[in-house]
Amino acid sequence: MEYINPLTGFRLDGRRPNEMRQIRGEVGVVARADGSAVFEMGNTKVIAAVYGPREVQNKSQQIDNQALVRCEYSMSNFSTGNRARKYKGDRRSTEISLVIRQTMEAAILTHLMPRSQIDIFLQVLQADGGTRSACINAATLALADAGIPMRDLVTSCSAGYLCSTPLLDLNYVEDSAGGPDVTVGTLVKMDKVTLLQMDAKLPIDMFADVMQLAIEGCKAIANYIREVLSENSKKLECMKGN
Amino acid sequence: MRETSLSLPAINDEAMIATEPEIPQAIDVLCSDSIATPGEILGDSSQFIAGKGSYLAPNGRNIHASITGHRRVLPPPADSTEKRSTVEVVGHKSRGAVPEPGVVVIARVTRVMARMVSADIMCVESKAVKEKFTGIIRQQDVRATEIDKVDMYQSFQPGDVVKAVVLSLGDARAYYLSTAKNELGVVSAQSMAGATMVPISWTEMQCPSTGQIEKRKVAKVLQTFFHFRI
């Protein structure tokens, strides 16, 4: 199957190889949560809700000098093409929960909130490839909305390699093609990588190009997220009457 | 000799020394009163101290924002030798109040025991808390005089709303509170008949419907009317 049209150079959905899908983010969508956000990357749509910092519910897990970060990732039954009953504790969800927790924990200034707990809940409403990245971006927006101190915004983007071309932001069809899928999570202003995952195999020189492409995608998402947070701040100021 | 406006610096020792750039990337540094997002550079550590909502980068040079909000610069404190101003970020979301030693709290009594009383802290100064904290008033902290002769059952009853001051963070289970002042103690209580009682002295409260007098450690509240809806 030709994932890149040899004549025009367009991908299956009409994008160029280094073009990301359309992104949209919104904060303050879950009224009860301390912070919440919706993040869309193309057809992938994810909701994040953050609760905390609050008292640790399970005293045995309490850490004396820093906050405990917990993360739960789950896909809704209706998120994929066929309505499949997804068990909450299945291996993929557990792995992604762990990965996202480690990524966000690296960015949160946990030493400022000892003996407390921060819960991040992620729910995938629509899955079309890149759910991991969309979840990390949504979690960043939600944590910033909750006012939890962070080192920097964590943004994530995926990139792949099909038909001898590095492709940015794979969708579900391109992801299922069996080619490599590199997911990168970065702290953009600090210029540090907090998440790097790949499945399938890739020669090391190609890997450098693909990873660099994903990092560029992360920077673009970070700029967008900053704009969303600034707009939201201004809107809240107006509502407060300043 | 006529000096032109676009003259190159003369190549001498002074020009070679002054090569260090003064302004870090101008696009990254924020001016006052702009909105900062986590990670943005607020200033240099030689000019500013990191205040609330900001932190010093590991390399020790830049100060970054850690939350979203307005950037604000505070002048250096007058009583110290510190010359640098403090830069902070004022966030829009207020965090729930947390009791600190020395602040006055409002708590509701949950359990009365022979030597101490358990209470749930509901307000800190004038802010309600987001999740309740547990506090303990020990027998020796109920009042300032004759502390060994205190009868807990005649000082507090379950359900009383009490004004207390936080003594310390206490142990893992509860904060330590004290009512050993005239203006601290029971602010509002219900009688056994169910009506809100009226204070008549610093040890007694009277039920308005039955006339029955019950003993409490009453707070001397200066306002003439104090109404609590229980």
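User: Over the face of which ring does Arg71(B) lie?
Analyst: This is a predicted model, in which local features need pLDDT of at least 70, side-chain atom pairs count only at pLDDT 80 or more, and totals for chains, interfaces and linings use all residues. Residues are numbered from 1 along each chain as written, chains are lettered from A in the order written, and side-chain values use heavy atoms, without hydrogens and water. A charge sits over a ring if NZ of Lys or CZ of Arg is within 6 Å of the ring centre and within 35 degrees of the ring normal. Arg71(B) is placed 5.6 Å from the ring centre, over the face of Phe48(B).

User: How far from the ring centre of Tyr176(B) is the charged end of Arg138(B)?
Analyst: The charged end of Arg138(B) sits over the ring of Tyr176(B). Its distance from the ring centre is 4.4 Å.

User: What is the angle between the planes of Phe133(B) and Tyr175(B)?
Analyst: Rings of Phe, Tyr and Trp (its six-membered ring) pair if their centres lie within 6.5 Å; planes under 30 degrees apart count as stacked, over 60 as edge-to-face and the rest as tilted. Phe133(B) and Tyr175(B) are 5.8 Å apart, centre to centre, and edge-to-face. The angle between their planes is 90°.

User: Is Phe133(B) buried or exposed?
Analyst: Buried means under 20% relative accessible area, exposed over 50%, and partly exposed in between (1.4 Å probe, protein chains only). Phe133(B) has a relative accessibility of 13%, so Phe133(B) counts as buried.
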